[in-house]
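Work through these exercises with the structure open beside you. Try each task before you read its solution.

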Amino acid sequence: MSESAVSRPSTGTISGKSIVLDNVTKQYPGQSSPAVDGVTLEIPAGKIVMLVGPSGCGKTTTLKMINRLIEPTKGRIVLGDEDVTSIGGDELRRRIGYVIQAGGLFPHMTVAANIAIVPKMLGWDKGRIAARVDELLELVSLDPAQYRDRFPKELSGGQQQRVGVARALAADPPVLLMDEPFGAVDPITRQRLQDELLSIQEEVQKTIVIVTHDFDEAVKLGDWIVVFTEGARIVQYDTPERILAEPANAFVENFIGSGAGLKQLTLRRVGEVTLADAVTVHAGEAAASAIEKMERADHNHVVVLDDRERPVQWLSRRQLARLDTLTDVPEDKLPVVGQGATLNDALDTMLVSSAGAALVTGRRDVFLGVITVETVMDAITAARASAAASIGGPVGTNSDAIPTVAPDAPTSAGSSMSQAHDD
Amino acid sequence: MTDAAVEARVTTVGGAATWKGLIVQPAAIAAVLAGFLVWLNLAPLTASERSTLDPASLWGSTLEHLSLTFVAASIVLVIAIPLGVLLTRPALRRLRGPVLFIANFGQAAPAIGMIVLLAMLITSGYWASIVALVIYAALPVLRNTVIGILGVDSSLVEAGRGMGMSAASVLFRVELPLAVPVMLAGIRTALVLLVGAAALAAFVNGGGLGLLITTGVNLYLFSVLISGALLIALLALTIDWLGRVVEHVARPKGL
Ligand SMILES: Nc1ncnc2c1ncn2[C@@H]1O[C@H](COP(=O)(O)OP(=O)(O)OP(=O)(O)O)[C@@H](O)[C@H]1O
Ligand SMILES: [Mg+2]
């Protein structure tokens, strides 16, 4: 399996628990066919699983059966190694974070009071609650002193959504459920919230299930994506890479929409590809010695670094010829990307600068190397090949994912799932 | 509560415009009342007019009137608010239409007829009036309780349940607090209706300022009749004003 493409750099330890839906069905009264039809789904601990599919296909119903806001008609739900199908719904929900669109904050309570609801129900003492509120506000990038006593209407939509996430994390639940959490904010805020969720997840390592309409969001956030069709039938359950490279059928292809190749670029980070070397010189050196170094390396450009190894200028042979000594005055529009940026961002930076390449920086903006259009092309070809190869192998996705012991290998996938429940 | 004290509390809650509105009303009421008292002292009244409009008996009738109003209002609250809450629970959703229809009917039925009818069943004129007034004024409280609770964004209820709050806890900590403004408006409407309708109690010996009106009609004492009507109107406006003040003060912060 192309494991490397899935795993993200992780700093925390997994605090999430796995979730198993075992042959779960929801039949609403007075409807001819079930809204959710015998779904078996294993959600691995500490991963983000995205539920996508057309409107009305049963995503929300599936999600709400996990915390039993909707009672399943049939089937079992297992959280970690505990069957929670018949324990008290309220008690179960206190152990599962729940985030809805626009945050769902109570308008008559302050930010702190909103976050404190579950800890209070669990009987925490005041000091512990106050400390937790501040800790969570920090986690979602809101200054506690400034925001804890505000009312929700005194926050922007994005800030409300952040508080909604903080509230869901209040009692440190192993599982977080989110129903179109970023559906109500503008695209720029949405991107920022998505990035933040990913960095929070790096730290907390919860099991997160997210319903979304937005396939790009699913690709960006998901470790795994479930594509549903009518009746919550699973069409494909796979990594974003494999869904993009090998959509199970025309339905999934349609759902991905155009630009699958470009979407794959968002899956890889600049830090994951091999960078090209560059000739580096330091500010203060003579231009002549820079030219000499450049010629020795048979390059056409040099990168000028300041005293902290940060790139300040990127000079061509012609530009160098006009200079005496190199200064550390930063060049306008220097094409720089961080190593955490996606290949998509990098490509964008390259296309905007005329260079056809970009400088890559690491921690503290230290210069690491150069990324070129060719590097991006090679990376994407390799990714497609490895995603395809992992499917085309002799075993096939289903069987190689069946051993339930592997924490990051969901059991169900594609056609065999729906077959299993068609009979 | 002195005006100054009320003013001070209101400024902290509403904006300048709202509390200005809240001062004008009591000022107007006080001015009209002062005018009435001056007229009462200076006007050339007949002996029988003077005895009915004697300040002590006016005060007594006012207290009776307030008693009718507030006793009926308390009973309305005790019945209509819990009933309204119940009608918003999913299990009883089906009863909502029929119950509101009956309450509508209670308000639409002529109050005078109801009072006289009830007086035939209940010997005490006071209690017959109370029962009729309760039937008459239950609708606004019932309806606003239902509307107020149904008006709470359903996603907030879902968020509460989703966090593991029980249905009762969501009701008391989310739905009712957020419904308070609408419910208070309904209660104020009911009180104002009650002040007016309590005048009818005099027809069945229930007491109150309505006595001035019946006396005025029976004995052709128009100054007495007008005085009664004026005092009832002033009382209604005062209670309306008090209701507005309470609505401002009790409005949940953050809305
Ligand atoms: N409370 C309910 N009573 C009856 N039918 C319902 C109820 N909730 C949902 N349904 C039906 O169940 C099906 C699945 O609904 P669900 O809300 O899970 O869809 P969804 O995938 O979340 O859609 P969307 O993307 O539009 O949110 C739909 O056909 C819907 O009409
Ligand atoms: Mg939905």
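**Exercise 1. The ligand shell**

Which residues are around ligand 1? The model is predicted, so treat each value as computed from it.

*Solution.* 
Step 1. Start with the stretch Ser55(A), Gly56(A), Cys57(A), Gly58(A), Lys59(A), Thr60(A) and Thr61(A).
Step 2. Sort the shell by type: three residues are nonpolar, seven are polar and two are charged.

**Exercise 2. Polar atoms at the ligand**

Find the distances from oxygen atoms of ligand 1 to polar atoms of Ser55(A), Gly56(A) and Gly58(A).

*Solution.* 
Step 1. Take the side chain of Ser55(A): one of its polar atoms lies 2.5 Å from a ligand 1 oxygen.
Step 2. Turn to the backbone. An N or O atom of Gly56(A) is 2.8 Å from an oxygen of ligand 1.
Step 3. For Gly58(A), a polar backbone atom is 3.0 Å from a ligand oxygen.
Step 4. Compare with the cut-off. A polar contact needs N or O atoms within 3.5 Å.
Step 5. Now look at cover. On its own, ligand 1 has 640 Å² of accessible area, and the protein covers 61% of that.

**Exercise 3. Where the chains meet**

*Solution.* 
Step 1. Count the residues: chain B gives 19 and chain A gives 21.
Step 2. Read the area. About 1800 Å² is buried between the two chains, with 64% of it from carbon and sulfur atoms.
Step 3. Find the main suppliers in chain B. Glu158(B), Met163(B) and Arg173(B) supply 33% of the area that chain B buries against chain A, more than any other three residues.
Step 4. Look for charge pairs. Two salt bridges cross the interface. One salt bridge joins Glu158(B) to Lys64(A), with the closest N and O atoms 3.2 Å apart.
Step 5. Helix 8 (154–162) and helix 9 (167–197) of chain B each give two or more residues. Helix 8 has the largest share, seven residues.
Step 6. Sort that side by type: nine residues are nonpolar, six polar and four charged.

**Exercise 4. The build of chain B**

How many helices and strands does chain B have?

*Solution.* 
Step 1. Count the elements: 11 helices and zero strands.
Step 2. Take the extent. The C-alpha atoms of chain B fill a box of roughly 75 × 50 × 20 Å along the principal axes.

Note on methods. Residues are numbered from 1 along each chain as its sequence is written. Chains are lettered from A and ligands numbered from 1 in the order in which they are written. This is a predicted model: local features need pLDDT of at least 70, side-chain atom pairs count only at pLDDT 80 or more; totals for chains, interfaces and linings use all residues. Side-chain values use heavy atoms; hydrogens and water are left out. A residue is near a molecule or strand if one of its heavy atoms lies within 4 Å of it. A polar contact is a pair of N or O atoms within 3.5 Å; within protein, one must be able to donate a hydrogen and the other to accept it, and residues adjacent in sequence count only if both atoms are side-chain atoms. Accessible areas come from the Shrake-Rupley method with a 1.4 Å probe; for residues, only the protein chains shown count as cover. Ala, Val, Leu, Ile, Met, Phe, Trp, Tyr, Cys and Pro count as nonpolar, Asp, Glu, Lys and Arg as charged, and the others, Gly among them, as polar. Contact means heavy atoms within 4.5 Å. Buried area is the accessible area (1.4 Å probe) that two parts lose on being put together, summed over both. A salt bridge is a side-chain nitrogen of Lys or Arg within 4 Å of a carboxyl oxygen of Asp or Glu. Helices (H or I, at least four residues) and strands (E, at least two) are DSSP runs, numbered from the N terminus.
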